[in-house]
Amino acid sequence: DWTMSAYRDEMVKSIREQVGDAKVICALSGGVDSSVAAALIHEAIGENLTCVFVDHGLLRLNEAEEVVGMFRDHMNLSVIHAQEQELFLGELEGVSDPETKRKIIGRLFIDVFQKYADQIEGAEFLAQGTLYPDVIESVSFSGGPSVTIKSHHNVGGLPEKMGLKLVEPLRELFKDEVRALGRDLGLPASFIGRHPFPGPGLAIRCPGEITREKLEILRKADAVYIDQIRKHDLYDEIWQAFAAILPMRTVGVMGDGRTYDYALALRAVTSVDGMTADYYPFSHEFLGETSTRIINEVKGVNRVFYDCTSKPPGTIELE
Ligand code: XMP
C-alpha cells in the first residue's frame, strides 16, 4: 500500500526524533495494537526497544509461545517472557467477584511490568498502542456509562508512577489503518486478523472461582472451538469467539456410566467496535458438530451451551 508505506516512513522519522538514543520499553500483549506499535518502534530504533510479555497464566493454549516466538524469531525483537503464572493464579485463588479479579490482575500486571522494566537500564520511554478512538473515548466518554460497566485493565497511570515518557505512534490511526500498517511491517496475516482478547484473559471466561483444572479444560475446549470456526471458514466473519467454563457441573451419560462434569458456554459475536454486538447465527450442524467434538476431545466437559444473547443486554464477555 503506497500511502501506508509513506506514512510508515514518516512515523519512523518522528519516533527517532522523539526518543533519540534513549531506551524504550513496551508491554506486549499479543494484541494487534501493541504488536504493531512494537514492530514500528523496532524499525525506528532497533535494539533500543525491549518488550515485556507478561504471562499471567490466563492465556490460551500455546499463546505465550506463539507470541514470544513470533516477535523473537520472526521479527527479531528483544522480548522478555515474564513467567508469572504462579503469582497471578496464587493471588486469584478463591476470588470469584468479576471486578475484584480485574483489580487484582491490573495491580499485579503493573507490579510485574515495573519489576522487569527496572532491570532495563536507562529506560526513558514507555510505548503504548493507543489508537485514535481510544484518545477520543477517553475525552468524550470519561465517566460515562459505557466505560463504568467494567473497569478495563490497562497500564494507565503506569508511566507517571515509573517516571517514563510516553511513545504512542498509533494515536492518529483507526483499527483498519493499524492492520494495514502491521501488514506493511511484515506481521503475518493470521496475526493481524486475530480476534481481540481481553487483558484479564481467561479469568473473565471462568465465571466464579478460577481453578487450574478449569483453566486447563477451558484452554482445550477453546482450541477445539476455534479450530471448528477456522475449518468452516468463519473466523473472519466473526468479531470475537471463545468458550467460557460455567461454574456448575451437570449430569450426563457416557457408555454405561453416569458423568458429573462441567458445562461450557460458547460465544461468538459480530460487531464493529465491541460497544454493541449481535450473536453469530451458526447453523445447527455447526453447533452440533462442535458440541460433539468438544465433549469427545475434552475430558471434564459433558454439556455445551450456545450463548445467543446480543449486546445489549448481554456483554460480550461473561463477566
Ligand atoms: P464487554 O464484555 O464489555 O467486552 O462487552 C467488550 C470488549 O472488551 C473486551 N474486554 C476487555 N478488554 N480488559 C480488556 O482489555 C477487560 O477487562 C475487558 N473486559 C472486556 C472484550 O473482550 C470485548 O472485546
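A nonpolar core is here a set of buried Ala, Val, Leu, Ile, Met, Phe, Trp, Tyr and Cys residues joined through C-beta atoms within 7 Å, and a residue is buried if 20 or more other C-beta atoms lie within 10 Å of its own, exposed if 12 or fewer, and partly exposed in between, with C-beta atoms placed from the backbone. The model is predicted, so that local features need pLDDT of at least 70 and side-chain atom pairs count only at pLDDT 80 or more, while totals for chains, interfaces and linings use all residues. Residues are numbered from 1 along each chain as its sequence is written.

**View 1. The largest nonpolar core.** This core has 78 residues, and those with the most contacts inside it are Val 24, Cys 26, Leu 28, Ala 38, Ile 41, Cys 51 and Leu 264. Helix H2 (residues 32–45) gives the most to the core, with nine residues; helices (H or I, at least four residues) and strands (E, at least two) are DSSP runs, numbered from the N terminus. Because domain 1 (2–192) and domain 2 (211–306) both give residues to this core, it lies between them. Leaving aside neighbours within four places in sequence, Ile 41 is in contact with Ile 15, Val 24, Cys 26, Leu 49, Ala 127, Val 167 and Pro 169, where contact means that two C-beta atoms, placed from the backbone, lie within 7 Å.

View 2. Asp 33 is found in helix H2 and counts as buried because it has 20 C-beta neighbours inside 10 Å. Apart from its neighbours within four places in sequence, Asp 33 is in contact with Gly 129, Leu 131, Leu 170 and Val 178. Ser 35 also has its place in helix H2, and with 27 C-beta neighbours inside 10 Å it counts as buried. With the same exclusion of neighbours within four places in sequence, the contacts of Ser 35 are Leu 28, Gly 30, Gly 182, Leu 187 and Phe 191.

**View 3. The two domains.** The protein chain is divided into domain 1 (2–192) and domain 2 (211–306), with bounds that come from an automatic or database domain assignment. Their centres, taken over C-alpha atoms, are separated by 29 Å. Four residues of domain 1 are in contact with six residues of domain 2.

**View 4. Two asparagines with positive phi.** Most residues other than glycine have a negative phi, and most peptide bonds are trans. Phi of Asn 62 is near 60 degrees, and this residue is found in the loop between strand S2 (49–55) and helix H3 (63–74). Asn 76 has a positive phi of about 65 degrees and lies in the loop between H3 and strand S3 (78–83). Asn 62 is exposed, with 11 other C-beta atoms within 10 Å, and Asn 76 is likewise exposed, with 11 other C-beta atoms within 10 Å.
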